[in-house]
Amino acid sequence: MSPTKRLDGKRKTIAVLGAQLSRLADSEFMTGVLESAKTHDTNVIYFVGGKPAALTAHGMDRQSYGLYDLIKPGQFDGVLLTADMGHDTSADEIRNFCSLFEPAPVASFAIQAEGVSSFMADNTRRMRSIIRHLIEAHAYQRIAFVRGPRGHLESDLRFNAYLDELKTHDIPFEEQFVMEGDHTVESGRAAVRTLLDERGIQVQAIAASNDRMAFGVMEALQQRGIQVPDKIALTGFDDVKESQLLGVPLTTVHQSFIEAGRQAFGALLNRMNGVQVNDVNILPVQLIVRWSCGCLPENVQRAVVLPKEVSHTGRLENKRDTAINALFGAAGILENDPLKDQYRDVFGRAWDVFLASLRDTDRSNAFMKTVQSMVEVLQDNGFDSATWHNVISTFRKYALGGITSTTTMLRAENLFQQARLLVGELSQRAQAYRRLQFERREEALNNFSFSMAPAMSLEEIGSAISKNFPLLGFKRWYVMFYSDVSAGLDLLAAA
C-alpha cells in the first residue's frame with residue numbers, strides 16, 4: 001500500500017471519532033492508527049464527542065450531532081470509528097450517523113453496520129475457549145457471567161458464546177447467574193452486589209465480558225474477604241495491561257488493540273483508494289491463562305525442571321544457540337522480528353556471562369547486570385514482567401540441563417534466585433513508574449481543564465494550550481476555529 005495523496009498533491013486527511021479518551025484500549029488503538037498514518041503520509045484529526053446521539057437543535061431544520069457536525073462532506077477523505085462509539089448504540093443509529101459523511105468511506109473497530117468495514121476480535125471462539133477452560137480444566141459448573149450492554153455487537157457475541165458452551169457441556173442455563181454490565185469497573189462491582197448480596201447465589205466462577213468489569217468484580221470480592229481464585233475463579237476478555245499487574249493476574253483473552261488500529265486504518269486507506277474491503281474482518285486473539293482461574297501462572301510452571309531434563313544433555317558451552325532459540329520462544333519473539341539481532345545479542349551475552357559466573361564466584365554481579373540489561377531491552381520493546389519471568393525460567397531450565405556437579409548446581413541455583421529477586425524488583429519499579437506517569441498525566445489534564453474553563457478569548461485559549469500541551473507530551477499542535485459551522489473549517493493557528 002503506497003502513501004496516499006489527493007489528486008491536487010495535498011496529503012489526505014481522515015477523521016477518527018471516539019466517545020471518550022479514558023480507556024487504555026482506545027489509546028492503544030490510536031497508537032496503531034497514528035503509526036500507520038505516519039507511514040502512509042496521512043493527516044489524522046481526532047474528534048472526541050461522546051456517543052453519536054442525534055439532537056434536534058432549536059431553530060435548525062435538521063438534527064445535530066454536536067462536535068461531529070464539524071465533519072463536513074468533502075473536508076475528510078475517510079472516517080474511522082473507535083469501538084466505544086458503538087456502546088449502547090444500535091446499528092440503525094450508526095448507519096444514520098455515518099450517512100452524514102457520505103461519500104467518504106467509513107471503517108471501524110468492533111462496530112458493524114451497513115456500509116462500514118469493521119474489524120473485530122474473534123469474540124465467539126475465544127469466549128467459548130474461556131468457558132470451556134473453566135469447565136474442563138477446573139470442573140466448574142456454577143459459572144456466572146457479567147455481560148456487556150445489550151445490543152452491543154461484541155457484548156452479544158460473547159454472551160451467546162457463554163450460552164453455547166454451557167449447552168455443549170449439558171450445563172443448564174440459569175438467568176439469575178447473569179448480571180448486566182456496561183464495560184466499566186463500577187458495573188463489575190455492581191454485578192457482585194447483585195449476585196451475592198441481593199440474589200444470595202453461590203458460584204464457583206465469574207466470567208466477565210471484558211477486563212475492566214473483571215477488575216471491579218475482583219475488587220468487590222476482595223472487599224468481602226472472598227479470595228480469587230481460592231473461593232471464586234475469575235476471567236476477563238481483552239488483556240489490557242492492568243490485567244497482568246493485579247495481585248492475582250487475570251486469565252483473559254489477548255487482543256492487540258494496536259494491531260486493530262493498524263488494520264482498521266489500512267482498510268480505510270484501501271477504500272479511499274477504491275479497493276474493495278470486506279464488511280466484517282476477524283482479528284486473531286489468544287487465550288491467556290494466568291492465576292485468577294485457578295491455574296498456576298505460566299512463569300511458575302516454566303520454573304519446574306523435570307528429572308529427565310537434568311544432566312546428560314550436553315555441555316553448557318555447546319548449548320548456547322539452542323538456549324538462545326528457546327529464549328526467543330519463551331518471549332514470543334518471531335524469527336522475522338526486525339529487532340531479532342538485538343535480542344540475540346543480549347540473550348547471548350547473558351548466557352556467556354552466566355557460564356563465566358559459574359567458574360568465578362566474583363562474577364555474580366556481572367550476571368545480574370546482564371539480566372538487568374536483558375529485562376531493559378524486553379521492557380523497551382513492550383514485553384511485560386510475565387515475559388521477563390518466562391525468559392528467566394527457560395534460561396534456568398536449559399542451564400540446569402547441562403550441569404552434573406552438585407557444587408556447580410548449587411552455584412547456578414543461587415544465581416537464578418538472585419535473578420528472580422532482581423526481576424521482581426524491576427517489575428515493581430516499572431509498575432510504580434507507570435502509576436507515577438498516570439498520576440502526572442491526570443494532573444496535567446486537570447490543570448488544562450482548569451485553565452480552559454475560564455478562557456473566553458482566543459488569546460486565553462492559546463495561552464492555556466501553550467502552557468499545558470507540552471506537559472502532556474504534545475510537541476506540535478494546531479488550533480482549529482469554526483466561526484461559522486456552515487462555512488466549514490478555517491485553520492486559525494499552528495505552533
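Me: Which residues of α4 are buried?
Reply: This is a predicted model: local features need pLDDT of at least 70, side-chain atom pairs count only at pLDDT 80 or more, and totals for chains, interfaces and linings use all residues. Residues are numbered from 1 along each chain as its sequence is written, and side-chain values use heavy atoms, with hydrogens and water left out. Buried means under 20% relative accessible area, exposed over 50%, partly exposed in between (1.4 Å probe, protein chains only). In α4 the buried residues are E154, S155, R158, F159, A161, Y162, E165 and L166.

Me: What covers the buried residues of α4?
Reply: Helices (H or I, at least four residues) and strands (E, at least two) are DSSP runs, numbered from the N terminus. Contact means heavy atoms within 4.5 Å. The cover includes β7 (116-121), α3 (123-136), β8 (143-147) and β9 (178-180).

Me: Which ring does R158 lie over?
Reply: A charge sits over a ring if NZ of Lys or CZ of Arg is within 6 Å of the ring centre and within 35 degrees of the ring normal. R158 is at 3.8 Å from the ring centre, over the face of F237.

Me: Which ring does the charged end of R147 sit over?
Reply: The distance to the ring centre is 4.5 Å. The ring under R147 is that of F159.

Me: How many aromatic pairs are there?
Reply: Rings of Phe, Tyr and Trp (its six-membered ring) pair if their centres lie within 6.5 Å; planes under 30 degrees apart count as stacked, over 60 as edge-to-face and the rest as tilted. By this rule the count is 20.

Me: Why is the pair of F97 and F101 edge-to-face?
Reply: Both residues are buried. Their ring centres are 5.1 Å apart. The planes stand at 85°, so the pair is edge-to-face.

Me: How far apart in sequence are the parts that W351 and F395 tie together?
Reply: Their ring centres are 5.4 Å apart with planes at 35°, so the pair is tilted. W351 lies in α10 (residues 340-359) and F395 in α12 (residues 385-400), so the pair ties together parts separated in sequence by 44 residues.
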